[in-house]
Amino acid sequence: MSPSGRRHQVGLAPRLLLALLIVLATAAVTAWVVGALVGPRLFHQHMVEAGLDDNDAAVLHAEEAFRSATSTAATLAFAAAALASAGVSVVLARRIAASLGAVSTAAAALGAGTYGVRVPSSGLGAEFDQLAGSFNAMADRLEDAQRLRERLLADLAHEVRTPIATIAGYLEAVEDGVRPMDDTTVAVLRDQADRLTRLSHDLSAVTHAEAGDVVLDLELAPPEQLVHAAVQAAAERAADAGVELRAHVDPGVPAVSVDRHRMAQVLDNLVTNALRHTPPGGSVSVLAGRQGGAVTFTVSDTGDGIAAEHLPHVFERFYRADVARDRDSGGSGIGLAISKALTEAHGGTILASSPGPGRGADFVVSLPAAP
C-alpha cells in the first residue's frame, strides 16, 4: 500500500492527538524562548534600574532563582497540559468517532434498503445534532418514497389488471360462443381499451410534469376566462350528475401568465375530482380572487370531504382515501398529481383543505399575478 493510502487510514483519535501535540510543542517552544532568553534579560534590566550592581551576589542569585523557577513552572505546566490534552483528545475523539461511526453504519444500512434506520443525537453540539437530524429527515423521506412506490406499483397493477381481465373475459366469451360480438360487447371492449389509454396518457403526463420536461406556452390570461372555460367544459357532466356548477370571479383580479391548455387541464382535473365526490343535489364552485401578489383559483365542493390524515397525501399518484369507492368511480388517481406538477411548473402552489368527511373540500391553486 502506498504512503498516501496508509495516511488516509489513520483514525480520528491519532490525528486529533497529533494536532494537540503540535499545539503543545509550539507553546513549549514559545515558553522556553520567553523563559530562557527574554525573561531573564527583562528581569536583569529591572534589577539594574532598581539601583543594584550587575555583579552583586544577590542579583546573580535572584536571576538564577528566576530562571530556575521559570523553567520548573514551564515544565510542570507543559506536562500537565500534555496529560490533560491527551485525555481530552482521547475522550473527544472516541465520542466523535462513535457519532460518525453511527452515521456511517446507518448510511450503509440505508443504502442496503433498510429504510427504518435512524441516527440518535450524539450530544456533541448543534452541528452533530443537525447532521443527525438531516440524516433522519432524509431517511424519513426515503422511507415514505419506498412506501409510496410499493403502493404505486400495487395500485398500478390493479388499474391495469381490471380492464385487461375484462377484455380477456369478453374475448373468451366471444370465442366460446357465450356472447355475440354485438354493439354492447364492442362498447365494453372499447371502454376498457380507452381506460388503459387514459391511464397511459396520465402516467406519461405526470411523469413529464414532475420531471420538469413540460414546455409551457405562456401568455397573459384573464382569470375570468380560465374560470368560465373550466365551468363550460364541465357543465354537461355536472348536469348529468345532478350537481350545481357555479362560477365567480372577484372584481379587479389581475391577469396571470399561464399556458392556457395546461392551466385548463389543472382546473378540469380539480372540477372533475369535485364532481366525482359530490352527490346529486350538491354544488361545486369555481372561484378566482386575489391574495397579496398572487391570484387564487379555488374549486370548492359540498361533497364527501377529506379526513385530516388523508390531506397530506391527496396529491400523490394513485392515492385514494376510499380505495373501493374511487376505483369504482372510474378515476385513475393521477389527476391531482398532474394538477400539482403543472401548477408548480407555472411557479405556483396548490393546497387541499377540508373540514372533515361529509363536509366538502377546497382545492386552491395560487399563481403569481402578472406584472
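These legends describe close-up views of one predicted model. Local features need pLDDT of at least 70 and side-chain atom pairs count only at pLDDT 80 or more, while totals for chains, interfaces and linings use all residues. Residues are numbered from 1 along each chain as its sequence is written, and side-chain values use heavy atoms, with hydrogens and water left out.

**View 1. The largest nonpolar core.** This core has 43 residues. A nonpolar core is a set of buried Ala, Val, Leu, Ile, Met, Phe, Trp, Tyr and Cys residues joined through side-chain atoms within 4.5 Å. Buried means under 20% relative accessible area, exposed means over 50%, and partly exposed lies in between (1.4 Å probe, protein chains only). Leu226, Leu245, Leu270, Phe297 and Phe363 have the most contacts inside the core. Helix H7 (residues 260-276) gives the most to this core, with seven residues. Helices (H or I, at least four residues) and strands (E, at least two) are DSSP runs, numbered from the N terminus. A second, separate core has eight residues, among them Leu110, Val117, Phe135 and Ala139.

**View 2. Phenylalanine 363 and its aromatic partner.** The whole structure holds one aromatic pair. Phenylalanine 315 and phenylalanine 363 form this pair edge-to-face, 6.0 Å centre to centre and with 90° between the planes. Rings of Phe, Tyr and Trp (its six-membered ring) pair if their centres lie within 6.5 Å; planes under 30 degrees apart count as stacked, over 60 as edge-to-face and the rest as tilted. Phenylalanine 315 sits in the loop between strand E5 (294-301) and helix H8 (323-329), and phenylalanine 363 in strand E7 (residues 361-368), so the pair ties together parts that are 48 residues apart in sequence. Phenylalanine 315 is buried, at 13% relative accessible area. Phenylalanine 363 is buried as well, at 4%. Not counting residues up to four places away in sequence, phenylalanine 363 touches residues including Leu270, Asn273, Phe297, Ile306 and Leu351. Contact means heavy atoms within 4.5 Å.

View 3. A salt bridge is a side-chain nitrogen of Lys or Arg within 4 Å of a carboxyl oxygen of Asp or Glu. Side chains of opposite charge can pair when their charged atoms come close. By this rule the count comes to six salt bridges. In the one between aspartate 140 and arginine 118, the closest N and O atoms are 2.5 Å apart. Aspartate 140 lies in helix H4 and arginine 118 in the loop between helix H3 (57-111) and H4, so this pair ties together parts that are 22 residues apart in sequence. Glutamate 143 also bridges to arginine 118, with the closest N and O atoms 2.6 Å apart. Glutamate 143 belongs to helix H4, so its pair with the loop residue arginine 118 ties together parts that are 25 residues apart in sequence. Aspartate 140 is partly exposed at 35%, arginine 118 at 28% and glutamate 143 at 23%.

View 4. Arginine 237 forms a salt bridge with aspartate 268, and their closest N and O atoms are 2.8 Å apart. Arginine 237 is in helix H6 (residues 223-241) and aspartate 268 in helix H7, so the partners lie 31 residues apart. Arginine 237 is partly exposed, at 34% relative accessibility. Aspartate 268 is partly exposed too, at 26%.

View 5. Arginine 262 is placed in helix H7. Its relative accessible area is 25%, which makes it partly exposed. Leaving aside neighbours within four places in sequence, arginine 262 is in contact with Val214, Leu216, Leu342 and His346. Arginine 262 and valine 214 are 48 residues apart in sequence and 9.4 Å apart in space, C-alpha to C-alpha. Leu342 is one of the buried residues of helix H9 (residues 335-345). Others buried there include Leu336, Ile338 and Ala341. Glycine 347 follows H9 and has a positive phi, near 80°.

**View 6. A nonpolar patch on the surface.** Leu171, Met181 and Val186 form this patch, with about 240 Å² of accessible area together. Patches are made of residues with over 30% relative accessible area and no salt bridge; like charges are joined within 9 Å, nonpolar side chains (Val, Leu, Ile, Met, Phe, Trp, Tyr) within 5 Å. Accessible areas come from the Shrake-Rupley method with a 1.4 Å probe, and for residues only the protein chains shown count as cover. Leucine 171 is in helix H4 (residues 126-175). Leucine 171 is partly exposed, at 38%.
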